[in-house]
Amino acid sequence: MKVEGKCRTTAMGIMPHTDVEKALELALSLDVPFWPQLPLASFYEDMWVQMSEGFPGITIDTEQKSVNFDSGRFQTDLYGYAQRIDRPEAFALSLKSSMTFHKFLKIKLDDHPAIRGQVIGPVNFGFRVVDENKKPIIYNEDVRSLLFDFIQRKVNVQYRELVKKNGNAFVWLDEPGLGWVFNSFSGYTDIHAKEDYRHFLSGIEGPKALHLCLNVNLHYLLGLGFDIISMDAYQMDVMPKGYAGPVAAFIGAGGIISWGIVPTSADALEWETPDTLAGKLIGFWEVIARNSGKSVRQIAEQAMIAPAKCCIKNVDKITTDDGLTKQNPNCCKVSDIEEIIVEKAFLYVRQISEILKAEFSFCSDTN
């Protein structure tokens, strides 16, 4: 894998912006830029809708804003699906599904150390989309096996398009569904998911990357077979000593961890600073170093820096007293405030990266 960490910056794909150019400009301000997903600009850019394009049995209801699956239609659609399964264009993102992706591909991108795309992960999609009986489709074995194959093809087609623009491209799977497989009431367990992912990843082209922003079982994630893991590190109050060995083994094998250390809530951004967040992250790394054979610098060398979560639909306790609307008196809609929060979070990510690059003597990238 040619992708390097060295405290470079990246971020989640989902953004609250409705202005495509503004969203792209913000994404390109990071060391490892990506094409943004803008569900507030178009319902078709919601990641579940975006991934639904071409999947048998799926219909999109734009009025109710829902993704609907019908088992009978699934069986009917299979013949047509089989006829186009060997055509890569059948798995490509259409212009309707992503305005930003097609604009991103027109930009000069080979001067970045890497670039990134994203798709919703199969477990996440399988839990979120339900059939006519309100049962998650991941519980249907026939549907699930096709779903993993379908998303594998989606990842590979996107990767092939991105790698033409930059040899260090990768596509990560947005997979909070892996946080649900440990639920005792789930009929699809962590054991099932690990086995399905073993087969799934064997057919993925390019670096294998995962993003999860729910509570992290880091030991489990590091053992799934990925090259790059992106996680919400901010929500961890302490770094468990038990994670030291798995993290050391993962980075020792060349793996990269994208540490989501910048909160995307209004409250936290008011009292956190780049210095406090950099200090928190170094504290995590020191725990790992003390309990493994890796130095803090080695951990930093295999690290990227990112926000903890996407911002959209994730704003808690926004009030006129949070300082955001005071600084921006023309801002009144929640979507406007979300944009301000994510832009501030991206600024913090860049500043933390510079602090860490200076601390560990990594050269800063110039875009």
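Reader: Which residues of helix α9 (residues 244–252) are buried?
Author: Helices are DSSP runs of H or I with at least four residues, strands are runs of E with at least two, and both are numbered from the N terminus. Buried means under 20% relative accessible area, exposed over 50%, and partly exposed in between, with a 1.4 Å probe and protein chains only. By that rule, the buried residues of α9 are Ala-244, Pro-246, Val-247, Ala-248, Phe-250 and Ile-251.

Reader: What pLDDT do local features need in this predicted model?
Author: Residues are numbered from 1 along each chain as its sequence is written, and side-chain values use heavy atoms, with hydrogens and water left out. Because this is a predicted model, totals for chains, interfaces and linings use all residues, side-chain atom pairs count only at pLDDT 80 or more, and local features need a pLDDT of at least 70.

Reader: What covers the buried residues of α9?
Author: The cover is a matter of contact, which means heavy atoms within 4.5 Å. Among the elements that cover the buried residues of α9 are α8 (218–222), β7 (228–232), β8 (256–262), α11 (274–290) and α12 (296–301).

Reader: Which residue just after α9 takes a positive phi?
Author: Most residues other than glycine have a negative phi. Here the positive phi, about 95°, belongs to a glycine that comes just after α9, and this residue is Gly-254.

Reader: At what angle do helix α3 (residues 71–84) and helix α6 (residues 141–163) pack?
Author: Two packed helices are described by the angle between their axes and the distance between the axes. The axes are lines fitted to C-alpha atoms, for helices over the stretch in contact, and angles run from 0 to 180 degrees between N-to-C directions. The axes of α3 and α6 are 13 Å apart, and the angle is about 35°.

Reader: In which crossing, left-handed or right-handed, does α3 pass α6?
Author: A crossing is left-handed if the near helix is turned anticlockwise from the far one by less than a right angle, and right-handed if clockwise. Where α3 passes α6, the crossing is left-handed.

Reader: Which residues of α3 and of α6 make the contact?
Author: On the side of α6, the contact is made by Asp-142, Val-143, Leu-146, Asp-149, Phe-150 and Arg-153. From α3 come Phe-74, Leu-78 and Tyr-81.

Reader: How do the residues of α6 and α7 that meet divide by class?
Author: Arg-144, Phe-148, Ile-151 and Gln-152 in α6 meet Asp-196, Tyr-197, His-199 and Phe-200 in α7. Ala, Val, Leu, Ile, Met, Phe, Trp, Tyr, Cys and Pro count as nonpolar, Asp, Glu, Lys and Arg as charged, and the others, Gly among them, as polar. By class, this contact of α6 with α7 has 4 nonpolar, 2 polar and 2 charged residues.

Reader: How many aromatic pairs does a search of the whole structure find?
Author: Rings of Phe, Tyr and Trp (its six-membered ring) pair if their centres lie within 6.5 Å, and planes under 30 degrees apart count as stacked, over 60 as edge-to-face and the rest as tilted. Under this rule, the number of aromatic pairs found in the whole structure is 20.

Reader: What is the pair of Phe-148 and Phe-200, edge-to-face or stacked?
Author: The ring centres of Phe-148 and Phe-200 are 5.6 Å apart and their planes stand at 80°, so the pair is edge-to-face.
Phe-148 lies in helix α6 and Phe-200 in helix α7 (residues 190–202), so the pair ties together parts that are 52 residues apart in sequence. Phe-148, with a relative accessible area of 7%, is buried, and the pair it forms with Phe-200 is edge-to-face.

Reader: Where does Phe-226, the partner of Tyr-197, lie?
Author: The ring centres of Tyr-197 and Phe-226 are 5.5 Å apart and their planes are at 55°, so this pair is tilted. The pair links distant parts of the chain, 29 residues apart, with Tyr-197 in helix α7 and Phe-226 in the loop between α8 and β7.

Reader: Which residues touch the most other members of the largest nonpolar core?
Author: A nonpolar core is a set of buried Ala, Val, Leu, Ile, Met, Phe, Trp, Tyr and Cys residues joined through side-chain atoms within 4.5 Å. The largest one holds 125 residues, and those that touch the most other members are Phe-125, Ile-151, Leu-178, Trp-259, Trp-285 and Leu-356.

Reader: Is Lys-65 buried or exposed?
Author: Lys-65 is found in the loop between β2 (58–61) and β3 (66–69), and its phi is near 55°, a positive value in a residue other than glycine. Its relative accessible area is 55%, so Lys-65 is exposed.

Reader: Is Cys-7 buried or exposed?
Author: Cys-7 lies in the segment before β1 (8–9), and its phi, near 60°, is a positive value in a residue other than glycine. At 0% relative accessibility, Cys-7 counts as buried.
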